[in-house]
Amino acid sequence: MKKTLSIIALSIIGFGLVSCKKENQQAATGAEAANITDSTAGATNLAPENTAAPVSAETAAAAPVSNQPLTSVALSESNFDFGNIKKGEKVQHIYEITNTGKNPLVISEVKPGCGCTAPDFTKDPILPGKKGNITLHFDSSNFDGNVQKYADVFANVDKAPIKLTFTANIQP
């Protein structure tokens with residue numbers, strides 16, 4: 001009996017850690033904004049006022065800084081639609097990235113927007129003119145209906161992070 005209760009308790013805790021519901025993200029956004037205000041008191045904000053995408057405290061604190069010379073890239077696509085998939089199905093998609101610049105491309109990190117998405121990516125420098133891959137693995141177990149997820153790719157490019165997105169319609 002104790003063993004069963006322990007397993008149930010651990011399952012509930014685990015589910016809570018990887019849950020990707022919008023309500024949790026919205027609540028976290030408010031808390032992160034408060035943390036930004038508190039942690040930067042007395043600091044000078046060097047970011048431009050009209051940025052295209054707001055940076056959360058978590059992203060700002062964890063954003064890798066590259067010492068590599070900048071290069072440019074081309075993506076085969078930045079958004080993918082899995083279409084209809086069955087709830088609980090695990091799917092993946094490979095995004096192809098081409099180094100179109102003159103310096104080696106170094107992908108330092110790929111950060112998914114939630115725990116339901118896991119990344120794999122080319123770890124070695126991608127030479128000019130060569131291609132690498134970024135694979136996003138998605139577990140649909142905790143979702144119903146239409147979902148849209150993303151991952152931020154941090155690399156030695158001018159407009160990092162690069163945002164990759166995918167959509168899926170989760171069927172029962």
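## Basis

The model is predicted: local features need pLDDT of at least 70, side-chain atom pairs count only at pLDDT 80 or more, and totals for chains, interfaces and linings use all residues. Residues are numbered from 1 along each chain as its sequence is written, and side-chain values use heavy atoms, with hydrogens and water left out.

## Strand β8 and its partners

Strands are DSSP runs of E, at least two residues, numbered from the N terminus. Two strands pair if DSSP finds at least two bridges between them. β7 and β8 run antiparallel, joined by 9 bridges. Here Asp152 stands opposite Lys163 in β8. The two strands form a hairpin with 6 residues between them.

β8 also pairs with β2 (residues 79-86). These strands run parallel, with 6 bridges. Asn79 stands opposite Thr165 in β8.

Pro161 lies in the loop between β7 (145-155) and β8 (162-171). The peptide bond from Ala160 to Pro161 is cis, with omega near 0°.

## Ser140

Ser140 sits in the loop between β6 (131-139) and β7. Ser140 is buried, at 0% relative accessible area (buried means under 20%, with a 1.4 Å probe and protein chains only).

The Ser140 side chain reaches the backbone oxygen of Lys86 at 3.2 Å. Contacts (heavy atoms within 4.5 Å) link Ser140 to Ile85, Lys86, Lys87, Gly88, Glu89 and Ile170, not counting residues up to four places away in sequence.

Technical notes
Helices (H or I, at least four residues) and strands (E, at least two) are DSSP runs, numbered from the N terminus. Buried means under 20% relative accessible area, exposed over 50%, partly exposed in between (1.4 Å probe, protein chains only). A polar contact is a pair of N or O atoms within 3.5 Å; within protein, one must be able to donate a hydrogen and the other to accept it, and residues adjacent in sequence count only if both atoms are side-chain atoms.
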